[in-house]
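This briefing is meant to be read with the model open alongside the text. Please keep the sequence at hand while working through the points.

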Amino acid sequence: MGPGHLGIAFAAKTAAPKAPLWSLLVASETLDLLSFGFFAVGLEKPGVSKTDRAHGVQVITPGKIPWSHGLFMSVIWSIAAAALARWVYKDQRASAAIGLTVFSHWLLDAIVHPPDLPLLFDDSPKIGLGLWSSGPGLIISGILEFILLGGGIALYATSRKRKPAGY
Ligand SMILES: [Zn+2]
């Protein structure tokens with residue numbers, strides 16, 4: 001997914017006021033940030049695809065992203081992020097919000113990605129409902145992204161208005 005992930009971060013901020021917004025924004029994109037690092041060191045390989053409005057995203061060569069986007073490793077990264085947040089912010093809610101926000105990335109990706117999210121590592125079954133993989137699906141995913149991001153920001157903005165200044 002794209003900017004929709006950030007909507008989750010804004011929404012999570014309203015449930016965990018002690019977690020700084022920036023840390024939730026980073027949490028929502030942690031798996032993608034990890035994949036950039038893993039691409040750079042050659043541990044993972046980006047897929048090759050082409051996109052057009054009639055067919056959505058058509059995979060030419062599937063990506064290899066088990067370390068950043070495998071279900072197993074995504075759970076590990078989420079737990080690690082929650083533990084780090086617990087240590088830094090000394091707050092259970094901030095810790096839970098950051099861990100769950102990291103994991104939310106995987107769930108949203110699982111809806112839109114073609115099946116390229118391994119359960120474990122390279123040779124394990126791959127998950128991905130593939131909403132992106134058709135023309136209409138691509139439009140629906142765009143609308144979902146917009147709703148997630150817009151809804152998250154709206155929630156965040158309203159919750160800020162209700163709190164005393166300086167909070
Ligand atoms: Zn991703």
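Predicted model: local features only at pLDDT ≥ 70, side-chain atom pairs only at ≥ 80, totals over all residues.

Which residues does arginine 93 touch, not counting residues up to four places away in sequence? Arginine 93 touches Ala15 and Ala16.

- Distant parts of the chain are linked by the pair of aspartate 32, in helix H3 (residues 30-41), and aspartate 109, in helix H6 (residues 92-112), which are 77 residues apart.
- For comparison, the ideal angle for four tetrahedral donors at a metal is 109.5 degrees.
- Aspartate 109 has a relative accessible area of 0% and is therefore buried, since buried means under 20%.

**Helices H1 and H6**

- Helix H1 (residues 4-15) packs with H6 at an angle of about 160°, and their axes are 10 Å apart.
- The two helices, H1 and H6, are therefore roughly antiparallel to each other, because angles over 145 degrees count as such.
- H1 and H6 cross in a right-handed manner.
- On the H1 side, the residues that meet H6 are Gly4, His5, Ile8, Ala9, Ala12 and Ala15.
- The buried residues of H1 are Gly4, His5, Gly7, Ala9, Phe10, Ala12 and Lys13, and they pack against helix H2 (21-28), H6 and helix H7 (135-162).

**Helices H2 and H6**

- The axes of H2 and H6 come within 7 Å and cross at roughly 30°.
- This angle makes H2 roughly parallel to H6, because angles under 35 degrees count as roughly parallel.
- The crossing of H2 and H6 is right-handed.
- Ser23, Leu24, Ala27 and Ser28 of H2 make the contact with Ala97, Ile98, Thr101, Val102 and His105 of H6.

**Serine 78**

- Serine 78 lies in helix H5 (residues 71-89).
- With a relative accessible area of 6%, serine 78 is buried.
- Leaving aside residues up to four places away in sequence, serine 78 touches Gly99, Val102 and Phe103.

**Arginine 93**

- Arginine 93 is found in helix H6.
- Its relative accessible area is 54%, so arginine 93 is exposed, as that term means over 50%.
- Arginine 93 and valine 75 are 18 residues apart in sequence, and their C-alpha atoms are 18 Å apart in space.

**Lysine 90**

- Is lysine 90 buried or exposed? Lysine 90 is exposed, with a relative accessible area of 60%.
- Lysine 90 is placed in the loop between H5 and H6.
- The phi of lysine 90 is near 50°, which is a positive value in a residue other than glycine.
- Most residues other than glycine have a negative phi.

Key:
Residues numbered from 1 in each chain as written. Heavy atoms only, no water. Helix = DSSP H or I, 4+ residues; strand = E, 2+ residues; numbered from the N terminus. Buried < 20%, exposed > 50% of the residue type's maximum accessible area, 1.4 Å probe, protein only. Axes fitted to C-alpha atoms, helices over the stretch in contact; angles between N-to-C directions. Parallel < 35°, antiparallel > 145°, perpendicular 65-115°, else oblique. Left-handed = near helix turned anticlockwise from the far one by under 90°. Contact = heavy atoms within 4.5 Å.
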